[in-house]
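Here are a few notes to read alongside the structure. Take them one at a time, and find each residue as you go.

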Amino acid sequence: MKNPLRAAFLYLSVLSILPACLVSGGTESPARFLFFPLMTISALYFPPRALYVAGLTFTILFPLLYLFRSPAPGHLPADLAEISAFFFCTLAVGFISRHIHQERFRYENAIATFHSLSQALTHKNMNLQTALDALSEAHKKLQEYDKTKTDFLSNVSHELRTPLSSIRSYSEILLNYNDIEPETQREFLQTINGESVRMSTFATEVLDLIRIGSGKHGTVFTSVIPTELLSESERIIRPMALEQGLELILGKTEDLPDVCGEKNQLIQVLVNLLNNAVKFTRKGVIRLGAQAKEGFVEFFVSDTGEGIFPEERELIFEPFTRIAEHGMNRPKGSGLGLSISKGIVEFHGGRIWVESELGKGSTFFFTVPVASKPVPGFEHHDHGRQDPLLVHYKPILVVTYDTVSRRCLRKKLEDVGYHTLGADTPARARDIIRTMRPGLIVTEVPEDWEELEKLIRCARDAGIRILLTTLHIHAGDEPALAVHGYVSRPFDKYEIQSLLESYQVKGVPVMIISPDRDESRTLQVILGAAGYESVLFHEGPLAVRTCRSSCPGAIFVGSFAKDRLEEILTGVRSSPRTGNVPTFLILEAALNKYVTPITMSPTGRKSESKSLYKLVGEIEKEYSKGLE
């Protein structure tokens with residue numbers, strides 16, 4: 001009930017005693033005693049001012065009832081005492097009401113503070129649990145790394161021990177015995193030479209594997225003719241196939257587009273696949289070929305060998321993995337060829353897989369992007385600015401819904417020297433990640449938070465970091481950072497307080513602009529508990545006009561659609577008065593460790609708002625991790 005209605009209800013309730021007294025005995029009516037309990041009960045629900053007005057009005061109007069009775073001697077003192085009782089009751093009830101309302105206000109504040117602290121404690125517990133999960137995951141990864149290192153050293157020592165033992169044994173025999181026949185000596189020397197070649201090959205493969213794992217390829221991509229790759233690989237393997245009695249068939253390779261890559265590395269992949277096909281095929285045919293397929297050239301090597309079990313089709317691409325290596329008459333090998341091939345293919349922006357049927361053979365496929373035609377569904381620009389110092393960088397995938405913003409950002413990054421790809425939706429970006437494997441992802445906050453979470457999971461599985469930023473296009477189509485920070489739901493009072501203190505927001509109201517009323521009210525309570533006064537707006541235009549006239553200390557912007565968010569940012573940033581007001585964007589959930597937010601910092605806001613050097617600096621930081 002509104003305050004005026006509440007007061008009117010009180011006045012009518014108290015003053016209705018007067019007509020009741022008039023019709024039931026006047027000043028002698030027992031109805032007059034209803035004043036005391038009614039006023040006492042009203043003290044629990046009405047403010048002191050309303051009680052004073054109602055009580056004093058009743059006290060002043062009650063003597064009018066004496067006009068309707070005959071004067072009686074000796075009644076004056078009693079009448080004065082009764083009227084005084086009404087007056088003092090009014091004063092007492094007002095005093096009680098004041099204390100009741102003060103205690104109620106303190107109680108409500110205590111409840112609000114308790115809920116705020118309880119929520120803050122819950123958030124801290126969640127943060128601690130998240131930190132604990134992160135530590136557990138890090139510990140698990142360290143254990144996996146330690147196990148991987150141990151397995152790697154064990155495998156390397158195992159692979160080296162066998163040829164070294166042969167070399168040592170045969171060399172000791174040659175040194176200690178002078179009566180060995182020349183044919184036997186030659187056989188021993190051939191064995192020593194063969195094992196030396198095997199060791200040299202193994203060392204080269206280990207170095208290739210380490211180089212692929214660290215990203216230090218140091219290669220320059222050029223336009224390569226697929227026919228040359230196929231014919232050169234076929235020429236290398238044909239003598240080995242003929243020696244095993246196998247037929248090697250090279251398919252038709254006309255009308256294939258050129259691919260973008262490093263020729264020797266792609267030949268290495270084909271030779272590895274052909275070599276495996278020859279090793280594991282007793283009799284039959286080995287086929288080699290390629291075909292153009294949706295912006296890629298898909299190479300294949302098929303055989304009629306023993307085939308691969310379904311559960312082993314992924315394992316064979318892991319280092320030192322060999323199928324049934326302890327079986328009879330199994331071919332020798334280090335188990336590194338397929339893992340190296342996988343690293344080379346993925347470095348080129350393609351993927352490798354196998355299709356197999358037991359007893360009928362296997363077919364290995366891998367894709368390489370074409371050199372001239374982009375893959376449908378994303379943008380691929382090449383401005384011919386290939387800096388020799390940046391060729392080892394994989395392309396940067398820019399994901400934004402707005403075409404103008406995406407193209408402007410890509411142009412800026414390419415002017416610096418990076419290669420970029422573009423996608424208009426997180427779903428399209430996930431398709432690109434599966435095929436092209438970019439080095440980094442730069443994305444904005446999408447309208448559908450679930451799409452961002454799917455993109456984060458896809459990037460995490462691919463080992464690609466995400467840089468989250470919100471951009472604003474100034475006059476002249478110059479993209480710039482638009483926000484100073486992000487706050488996520490559920491809100492953390494201490495995190496928000498620390499964020500505002502870092503921007504020295506004190507003594508000035510904070511503006512909250514959000515279409516979600518529950519979101520804005522919750523944030524207002526959190527800010528109030530932290531000691532900040534705030535004003536709420538649920539529409540952007542009114543908020544922008546108020547912002548320009550009052551200039552708040554900070555602005556929190558909620559979950560608006562992209563076009564509405566751009567209107568708010570344009571309105572705030574275009575005014576000289578509000579252009580540097582700290583602006584924070586509200587996220588639907590907290591970001592995980594695979595996402596790095598790129599925002600303006602508390603210092604140097606003017607220069608940062610007109611450039612992208614923080615974004616470029618973070619890109620360099622991420623790429624440098626793979627080069628250390």
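**Notes on helix packing and salt bridges**

1. Let's start with a charged pair: Arg 238 and Glu 234 join their side chains in a salt bridge, at 2.2 Å from N to O. Please keep in mind that this is a predicted model. Both residues belong to helix 7, where they sit four residues apart, about one turn of the helix. Arg 238 counts as partly exposed because its relative accessibility is 29%, whereas Glu 234, at 13%, counts as buried.

2. Helix 7 also has a partner. Helix 7 (residues 226-243) packs with helix 8 (residues 263-279) at an angle of about 35 degrees, and the axes are 9 Å apart. The crossing is right-handed. The contact residues divide into 12 nonpolar, two polar and four charged.

3. Now look at Lys 293 and Glu 298, another salt bridge, with the closest N and O atoms 3.7 Å apart. Lys 293 is partly exposed at 44% relative accessibility, but Glu 298 is buried at 6%.

4. Glu 567 is partly exposed at 43%, and Arg 564 is partly exposed at 46%.

5. Finally, a network of salt bridges links Arg 430, Glu 451 and Lys 454. The count for the model comes to 15 salt bridges.

Technical notes:
Residues numbered from 1 in each chain as written. Predicted model: local features only at pLDDT ≥ 70, side-chain atom pairs only at ≥ 80, totals over all residues. Heavy atoms only, no water. Axes fitted to C-alpha atoms, helices over the stretch in contact; angles between N-to-C directions. Helix = DSSP H or I, 4+ residues; strand = E, 2+ residues; numbered from the N terminus. Left-handed = near helix turned anticlockwise from the far one by under 90°. Nonpolar A, V, L, I, M, F, W, Y, C, P; charged D, E, K, R; others polar. Salt bridge = Lys/Arg side-chain N within 4 Å of Asp/Glu carboxyl O. Buried < 20%, exposed > 50% of the residue type's maximum accessible area, 1.4 Å probe, protein only.
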